[in-house]
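Please read the following account alongside the sequence and the coordinates. It moves from one residue to its surroundings, and then to the contacts between side chains.

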Amino acid sequence: MAKVSFIGLGIMGSGMVANLVKAGHDVTVWNRSDSKYAAIEKVGAKTVSDPTQLLAGADFLMYCLADDVAVDALFLKGPELASKVEKSTIVIDLSTIDPVTSAAERKVYESRGIAFLDAPVFGTKGEARDGGLWIVIGGPEDVYKKSLPVLEPISETLHYMGVGGNGTKMKLVGNLLVASQIVSIGEALTLAKKAGLDLTKVLEVAAVADFKTPIYAGVGAGVIKDDYEVNFPLKLMLKDARLIQAFASRLNSPVSIAVTTEELAKEGVDAGMGELNASAIVKVISNRAGVNLSE
Ligand code: NAP
């Protein structure tokens with residue numbers, strides 16, 4: 001079993017750590033705030049008070065952080081942990097970040113002969129808890145294969161996408177699809193409500209017809225009960241909408257859905273909904289139309 005060092009006990013990281021421990025790995029974690037330490041120690045992970053204490057003797061250093069700012073702060077600027085990682089450690093970044101940041105990380109590690117994978121994840125709180133994430137990986141294939149003992153316990157599927165950076169790029173492509181579905185179910189339910197349709201019946205049709213998706217079903221079931229309990233915070237959806245636009249603009253590729261998503265998500269975050277689930281985009285849309293989907 002491997003010695004795994006892990007940084008980031010957010011919604012996603014906490015579930016990943018629990019499954020790595022369950023798989024028999026020796027897992028030590030650091031998180032910026034220590035409020036989640038008691039819960040993670042209960043599942044069998046060790047904790048440290050300073051991230052530099054994680055680096056000695058680790059077979060794997062894995063992290064799942066909020067955004068580019070966090071990755072920059074910890075690894076590229078700030079304490080520059082990246083320059084202190086041991087040469088025998090494989091580093092795996094599971095965060096959703098800009099491919100530019102991912103490339104900067106890769107450069108720092110590879111210039112020191114350290115193996116690095118970008119391995120962002122699809123799925124949300126439930127999939128992280130159940131070890132059922134869908135992970136997309138970029139980096140050297142031999143490193144990917146060596147990393148299977150720590151990737152398999154946290155995932156249902158693994159897709160090796162090719163060279164370094166391709167995992168991060170695939171994640172943004174996938175999140176464009178996620179964003180489009182949240183916006184479209186929001187607009188569809190709002191239109192249906194205004195037209196006097198029974199939303200339960202609308203969702204029954206959406207669950208069987210050739211446009212059905214798990215996102216329509218999941219988001220739809222929540223919003224008609226006014227349930228915005230967080231799985232994927234709206235503030236992170238706003239971040240992702242911006243990442244998709246920056247990524248696409250460098251490639252001169254149109255992403256009108258990401259533009260719309262950013263506008264809606266920003267309106268929600270500005271209205272104090274940033275910590276609610278990303279499905280709060282639907283609330284922004286229905287508020288604009290002056291209807292309540294849960295009535
Ligand atoms: P989260 O619950 O907000 O957790 C974010 C983690 O990053 C926390 O451990 C937080 O520490 C840490 N962090 C934030 N800023 C930091 C900084 N400046 N320095 C050090 N640590 C910092 O987010 P999450 O939902 O777990 O998401 C983690 C990543 O996975 C994100 O990139 C997200 O886009 C991606 N993702 C999320 C989902 C989802 O459904 N939630 C799905 C797929 C992918 P504190 O605890 O101290 O705040």
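Aspartate 118 is found in strand S6, residues 116-118, where strands are DSSP runs of E with at least two residues, helices are runs of H or I with at least four, and both are numbered from the N terminus. The model is a predicted one, in which local features need pLDDT of at least 70 and side-chain atom pairs count only at pLDDT 80 or more, while totals for chains, interfaces and linings use all residues. Residues are numbered from 1 along each chain as its sequence is written, and side-chain values use heavy atoms, with hydrogens and water left out.

Aspartate 118 is buried yet has no salt bridge, and the nearest side chain of opposite charge, arginine 106, is 4.4 Å away. Here buried means under 20% relative accessible area, exposed means over 50%, and partly exposed lies in between (1.4 Å probe, protein chains only); a salt bridge requires a side-chain nitrogen of Lys or Arg within 4 Å of a carboxyl oxygen of Asp or Glu. For charge, Lys and Arg count as positive and Asp and Glu as negative, whereas His and the chain ends are not counted. A polar atom of the aspartate 118 side chain does lie 2.7 Å from the backbone nitrogen of glycine 165, and the backbone nitrogen of threonine 168 lies 2.9 Å from a polar atom of that side chain. Such a polar contact is a pair of N or O atoms within 3.5 Å, of which, within protein, one must be able to donate a hydrogen and the other to accept it, and residues adjacent in sequence count only if both atoms are side-chain atoms.

Lysine 171 is found in helix H8, residues 166-194, and UniProt, in an unreviewed entry, places the feature "active site" at Lys171. UniProt positions are given in the numbering used here, feature names are shortened, and annotations may be inferred rather than shown by experiment. Lysine 171 is buried, with a relative accessible area of 6%, and its side chain reaches the backbone oxygen of valine 121 at 2.8 Å. Not counting residues up to four places away in sequence, lysine 171 touches Thr96, Pro120, Val121, Phe122 and Val136, contact being heavy atoms within 4.5 Å.

Aromatic side chains come next. A search of the whole structure finds three aromatic pairs, and one of them, tyrosine 109 with phenylalanine 116, is stacked at 5.2 Å centre to centre with 25 degrees between the planes. Rings of Phe, Tyr and Trp (its six-membered ring) pair if their centres lie within 6.5 Å, and planes under 30 degrees apart count as stacked, over 60 as edge-to-face and the rest as tilted. Tyrosine 109 is buried at a relative accessible area of 0%, and phenylalanine 116 is likewise buried at 0%.

Helix H3, residues 68-76, is mostly covered, with seven of its nine residues buried, among them Asp72. The buried residues of H3 pack against several elements, including strand S1 (3-7), strand S5 (90-93) and helix H11 (234-250).

The count of salt bridges comes to 14. Aspartate 72 and lysine 77 meet in one at 3.2 Å, N to O, and lysine 77 is exposed at 51% relative accessibility. Lysine 283 forms another with aspartate 226, the closest N and O atoms being 3.0 Å apart. Lysine 283 lies in helix H13 (residues 280-289) and aspartate 226 in the loop between helix H10 (214-223) and H11, so the pair ties together parts that are 57 residues apart in sequence.
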